[in-house]
Each structure stands twice: as structure tokens, then as C-alpha cells.
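Please keep the structure in view while reading.

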Amino acid sequence: MIRTRYSLIITIGLGLASFVHADPDSDRQSLVDYYQTRFPDVELQEFANGLYAFDEVAREQWIAMEDFPPYEIAIEEGEEYFKTPFANGKGYADCFENGGIGIRQNYPQFDTEAGEVVTLELAINQCRAANDEAPLPYLDSELAAISAYMAYTSRGNAIKVIIPDDPRALQAYEAGKQFYYSRRGQLNFACSSCHLQSAGLSLRADRLSTALGQATHWPVYRSSWGDIGTLHKRFRECNVQVRARPFEAQSSEFRTLEYFLTYMSNGLELNGPGSRR
Amino acid sequence: MRIFFILLPAIFVAACGGPGDEPVAAAAAEAPVINTEPSKSYAEAHVAALAAMQIAADKGHAWNTSDQLIKEAAEASDSGDEALAIALADEARIHAALAAAQAEREAATWRNNVISD
């Protein structure tokens with residue numbers, strides 16, 4: 001009888017164990033351990049610099065580019081947009097904590113009232129809507145410029161994305177995690193295929209960056225774009241590169257992906273806006 | 001030969017896996033059966049392709065190759081090349097079916113790629 005009872009407990013325990021997965025902090029720590037083992041000479045904070053953390057040649061070019069950073073104009077324009085009052089006399093500063101200064105590291109957030117992930121770009125447009133202003137197109141450079149200015153005022157702050165005690169928040173995180181690890185497109189690649197399994201390896205003339213630090217430096221001026229753009233613009237480009245139909249910028253798929261990806265960079269310094277080749 | 005190249009991604013979908021092994025083998029054993037018979041008309045091929053593409057999109061795994069193929073099929077039809085239009089629309093449908101199969105497979109196996117689970 002006792003043996004049967006123990007067997008039952010063990011069986012139930014094993015059954016439950018198969019459904020229990022790592023919590024977000026364990027996920028993040030596993031990634032940190034993985035990359036630190038893979039790149040033992042790279043300091044943890046250096047991962048915020050993407051491939052420039054471990055590609056010496058690209059790093060030299062990047063440092064030279066930072067002497068006259070191509071995103072500088074976007075910061076200036078963004079500041080002007082940010083400080084220009086809406087028709088009702090209010091402004092972006094009225095919508096955000098601390099007047100919108102030095103807060104980029106707290107995004108994306110999970111809005112427990114709406115039950116959804118809110119990225120900074122979505123919050124900017126929510127601010128506009130609350131003040132009877134038309135939303136800005138999400139792939140538009142004006143929105144990216146405002147985001148760039150807000151990121152600039154947050155430089156040096158440690159990324160601090162929070163998953164509140166709300167099952168929907170954890171669900172959103174898990175959805176982003178599933179997206180990151182799911183193969184898609186005709187080429188059958190997951191985000192993790194390139195940025196986890198193949199991180200540091202060469203893809204044509206470039207080396208693949210690590211998932212750790214991928215969300216610290218947005219918006220980014222990419223030489224291939226000739227413009228500044230948001231993380232979701234890059235997500236779309238990745239989708240196309242693996243021959244998948246891209247999701248819309250600020251779709252729930254991309255917002256949950258950003259939530260997961262940014263959480264993985266918690267503790268790293270925000271260094272946006274950035275420049276990339 | 002053409003069919004081989006069409007089915008190449010399916011073989012890839014079925015064969016490639018992450019660090020895991022058993023679920024991948026199981027998925028390979030359940031490789032999707034996809035109708036590769038040519039449609040009888042462009043209208044039939046077009047409707048079937050759009051339906052398959054909608055299924056893939058609903059699963060969140062649409063491929064942009066189908067979008068391009070269905071566009072080229074419409075252009076071929078407009079120019080009066082019915083045979084090419086059918087072939088392209090059928091290919092769009094096959095890509096969409098592979099995308100749907102990929103979605104199902106990934107829903108079951110994505111955790112194999114996660115290093116912490």
C-alpha cells in the first residue's frame with residue numbers, strides 16, 4: 001500500500017516536472033552563462049555593443065563611425081518633435097513618468113489594465129491618441145527620432161524590464177520566447193538559429209550578434225537603411241531574410257518578442273540610439 | 001526534378017532540429033503529405049492557393065515565397081499564359097502547405113531549441 005502511494009507520488013511528480021519550464025530569470029541567467037562560456041574574453045556589459053563586443057575589425061570601424069555618429073541628427077530632430085506641444089498645449093512629457101526623460105530602460109512594460117505589452121513606440125502613439133493627435137506610422141522616421149531622443153536621455157541606465165505578478169504578463173513573455181525559438185520562413189530559421197546557436201559566426205561579410213544585448217541600443221541608424229529605424233523594423237527585415245511574411249510593426253507578435261528579448265538584456269546598460277552597418 | 005526542389009524545404013523542415021532529438025525524429029516520421037498534382041485550371045489553383053495561404057497565416061507562419069508566387073501567377077494569367085499561371089499558383093499552395101506544416105511542427109518542438117528548459 002505504502003509502495004503504491006510512493007509510486008503514485010513519484011509518477012505525479014515526474015508528470016508535473018515535464019510541464020514545468022524555466023522561469024524568466026533562469027532563462028536570462030542561462031543565456032548569460034551560455035555566452036560567457038562561448039565568449040570568455042568578453043565582459044558581460046560589452047554584450048550591449050552587439051557584434052562589436054567580439055569582432056575587432058568591425059569594432060574599429062564602429063568606433064570611428066561614433067566620432068560623427070549618423071544618428072545625431074535623429075536625436076536633434078527627436079528632441080524638437082518631443083518638445084513641440086500638441087494642438088491642445090500638452091506634450092509628450094505629460095504622458096510619461098519623469099517627463100519622459102531617462103525612462104527608456106523600463107520599456108517594454110506590461111500594462112496590467114489593458115493586459116498587453118506596451119513598447120515605447122506604442123506608448124508614444126498612445127500619448128498622441130490621448131491628446132487627439134493622429135498616430136505616427138510605426139516605420140516612420142519621426143517616431144524613430146522621438147524614440148531615439150528618449151533613448152539618448154536614458155543612456156547608461158540599466159535595462160529594467162519587469163514581468164508583473166500577472167499570469168498574462170508571463171504568458172506574453174512565453175509567447176515572445178516561443179517566437180524567438182520557433183523556426184519560420186522557407187529557410188526554416190529561428191531567431192535563435194542565428195543569434196544563439198550561430199552567434200559569432202560569419203554570415204557573408206558580417207558576424208552574427210548575440211541575443212544578449214540585442215535590445216539595448218535601439219533605435220538604430222543602419223547604413224543599409226540609410227536612416228534610423230526601430231527594433232520592429234529590424235524584426236521585419238529578419239522575417240524577410242528567412243523568407244517569412246513579416247508581421248506588422250507593433251503587432252502583438254513583435255511586442256511580445258521585444259518583451260522577451262529585452263528582458264534577456266536586463267542589467268545591461270542602455271546605449272541607444274546606436275549605429276550598425 | 002522540380003518537385004524535388006519544391007519538396008526540399010519540407011525535407012529540411014522535417015530533418016532539422018535543435019539540440020533535442022526524439023521529438024524531431026517523431027516529427028520526421030509524421031512528415032506532411034502534400035498534394036503535388038497539378039490543378040486543372042488557374043481558377044482552381046488560385047482558390048486552393050489562397051485557402052492554403054490563409055491557413056499558414058492563421059498559424060502565424062506564412063512564407064513570403066507564397067506571396068510572390070501567387071502574384072507572379074496572377075501576372076501570368078493576365079498575360080494569357082494559363083499553364084505557367086497554374087504551375088505558379090500550385091507552387092504557392094505547396095509552399096503554404098509546408099509553412100502550415102512548419103507551424104505545427106514548431107508548436108510541438110520549439111522548446112528543443114531553448115537552452116534553459
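In what order do the elements of chain B run from the N terminus on? They run α-α-α-α-α, where helices (H or I, at least four residues) and strands (E, at least two) are DSSP runs numbered from the N terminus. The model is predicted: local features need pLDDT of at least 70, side-chain atom pairs count only at pLDDT 80 or more, and totals for chains, interfaces and linings use all residues. Residues are numbered from 1 along each chain as its sequence is written, while chains are lettered from A and ligands numbered from 1 in the order in which they are written.

Of the 117 residues in chain B, 39% are buried (20 or more other C-beta atoms within 10 Å of the residue's own, C-beta atoms being placed from the backbone). Among contacts in chain B with a separation of 6 or more, 73% join residues 24 or more positions apart; two residues are in contact if their C-beta atoms, placed from the backbone, lie within 7 Å.

Two packed helices are described by the angle between their axes and the distance between the axes. In chain B, the axes of α4 (residues 64-78) and α5 (residues 82-109) come within 8 Å and cross at roughly 165°. Such axes are lines fitted to C-alpha atoms, for helices over the stretch in contact, with angles from 0 to 180 degrees between N-to-C directions. α4(B) and α5(B) are therefore roughly antiparallel (an angle over 145 degrees). Residues of this contact include B:Leu69 and B:Ala73 of α4(B), and B:Leu88 and B:Ala92 of α5(B). By class, the contact of α4(B) with α5(B) has 11 nonpolar, four polar and three charged residues. Here Ala, Val, Leu, Ile, Met, Phe, Trp, Tyr, Cys and Pro count as nonpolar, Asp, Glu, Lys and Arg as charged, and the others, Gly among them, as polar.

Chain A is assigned domain 1 (22-69 + 164-276) and domain 2 (72-152), with bounds from an automatic or database domain assignment. The C-alpha centres of these two domains of chain A lie 22 Å apart. Their contact takes 26 residues from domain 1 of chain A and 23 residues from domain 2 of chain A. On the domain 1 side, α10(A) gives the most, with six residues.

Between the chains, the contact takes 21 residues from chain A and 21 residues from chain B. The largest share of the chain A side, four residues, comes from α2(A). That side has six nonpolar, nine polar and six charged residues.

Note on methods: Angles under 35 degrees count as roughly parallel, over 145 as roughly antiparallel, 65 to 115 as roughly perpendicular and the rest as oblique. A residue is buried if 20 or more other C-beta atoms lie within 10 Å of its own, exposed if 12 or fewer, and partly exposed in between; C-beta atoms are placed from the backbone.
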